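Here are some notes to read with the model open beside you.

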Amino acid sequence: MVALHATDPATVHLSVAARVPGSDVAATERALYDERSLIRMLGMRRTVFVVPTSFGPIVQAACADDIAVKQRKLLVKHLTEAGVAGDAESCGTWLRAVEESTATALALRGSATAQELSADEPRLRTRLSMAEGKAYAAAPYVTSRVLFQLAVEGRIVRGRPLGTWLSSQHQWSPAEDWLAGGLGDKPVAEEARVALARAWLTSFGPGTAADLQWWAGWTGGQTKKALAAVEAVAVDLDGQVGYVLPGDEEPEVPVEPWVAFLPALDPTPMGWKDRGWYLGAHKARLFDTTGNIGPTVWADGRIIGGWGQPESGEVRFQLLEDVSDETEALVEAEAARWTTWLAGVRVTPRFRVPLERQLSQG
């Protein structure tokens, strides 16, 4: 999987539970917040992921550092447009001052919420002016953008959620307090991209260069260099050029029939740009309009349906393809297992899709 999608906090726990027999929320929380063998961080495509802590420096150098540079320029542009501190140079200086003050406030507290930090550093309550004059105009506080910048630069870390494991609000901590030495020594960017490409091919190969470029959020040149460095082997994917790692050219060994219920934004369906080979004709019912996938039912490497929960909490599913009686029985059993595992907790995905909405009614 390389990394767990963490934009929706529930995905982390459900993705683990789908793959690790006997896992529960408490065990995943221990790994995240007590043992800290997993870390939540910004990475590929400016998205929040959970990765093994030892892999964090690779994600930081391969993706997050580039994102930090681009987002700083964008934020300075927005500050300038809002007239916060004069010209772009002055706004850049203002931003650095607010960042340092916020980082100091967080270090003094040890951990804090965005609201607490805003009380310590009132400039976090400065408003931006977005899409002025348009119907969708907004004037958000700069708070989340400053915290995003500090996080994407690896200076602060999202800690425990406020409330249950479903909460999207977290305490923040200085990276050096959360982990001894922070994220640790980073490789140079090119070496990190090679390591990330190798990890992606291990989990998602065969895949195309376009798949890897989309998944990592790289440029075409960065992707091409990384594939060359790992000596990726070209293979035919129904007329397209795909890549695998050296020694991975042989067909996969057949396995016993299997089914899985994967959560919204699970890393498997989000692993490739081209999804037709496992998704079939089901995109309209299983994705939202911005490319986020909802909860899915899988059988033998392809999507066959979706699932959701009504207010009563049981797991409902709908199959979108004809399957054998044996497969349908496996699906029924897996739905029952998830109903037991969730124990009445209702998970509403952050991004809703048509089939999940339908199954959640009633």
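1. Contact here means heavy atoms within 4.5 Å. With that in mind, Thr 47 touches His 5, Thr 7, Met 41 and Leu 42, leaving out residues up to four places away in sequence. Thr 47 sits in the loop between strand E2 (38-42) and strand E3 (48-52). Helices (H or I, at least four residues) and strands (E, at least two) are DSSP runs, numbered from the N terminus. Thr 47 counts as buried because its relative accessibility is 13%; the cut-offs are under 20% relative accessible area for buried, over 50% for exposed and partly exposed in between, with a 1.4 Å probe and protein chains only.

2. A word on the source: this is a predicted model, in which local features need pLDDT of at least 70, side-chain atom pairs count only at pLDDT 80 or more, and totals for chains, interfaces and linings use all residues. Residues are numbered from 1 along each chain as its sequence is written, and side-chain values use heavy atoms, with hydrogens and water left out.

3. Next, the sheet beside that loop. It is open, has three strands in the order E1-E3-E2, and its pairing is antiparallel. Strand E1 (4-5) and E2 are at the edges with a single partner strand each, so one side of each has no neighbour in the sheet. Two strands pair if DSSP finds at least two bridges between them; E2 and E3 are joined by five. Within this pair, Arg 40 stands opposite Val 50 in E3. Helix H2 (residues 25-34) packs on the sheet, touching E2 and E3, and its direction makes about 70 degrees with that of E2. H3 also packs there, touching E2 and E3, at about 10 degrees to the direction of E2. For such angles, axes are lines fitted to C-alpha atoms, for helices over the stretch in contact, and angles run from 0 to 180 degrees between N-to-C directions.

4. Is Arg 72 buried or exposed? Arg 72 counts as buried, because its relative accessibility is 13%. This arginine lies in helix H3 (residues 56-81). Neighbours within four places in sequence aside, Arg 72 is in contact with Leu 95, Arg 96, Glu 99, Gln 149 and Glu 153.

5. Helix H6 (residues 143-152) is worth a look. Nine of its 10 residues are buried, so H6 is largely enclosed by the rest of the structure. Among the buried ones are Arg 145, Phe 148 and Gln 149. The buried residues of H6 pack against E2, H3, helix H4 (88-109), helix H5 (114-120), strand E4 (156-161) and strand E5 (170-174). Gly 154, which follows H6, has a positive phi, near 80 degrees.

6. Four bridges join E8 to strand E9 (residues 296-299), and Leu 262 has Thr 296 in E9 as its bridge partner.

7. Finally, helix H1 (residues 9-19) and helix H13 (residues 325-342) pack at an angle of about 130 degrees, with their axes 12 Å apart. The residues that meet are His 13, Leu 14, Ala 17 and Ala 18 in H1 and Arg 337, Trp 338, Trp 341 and Leu 342 in H13.
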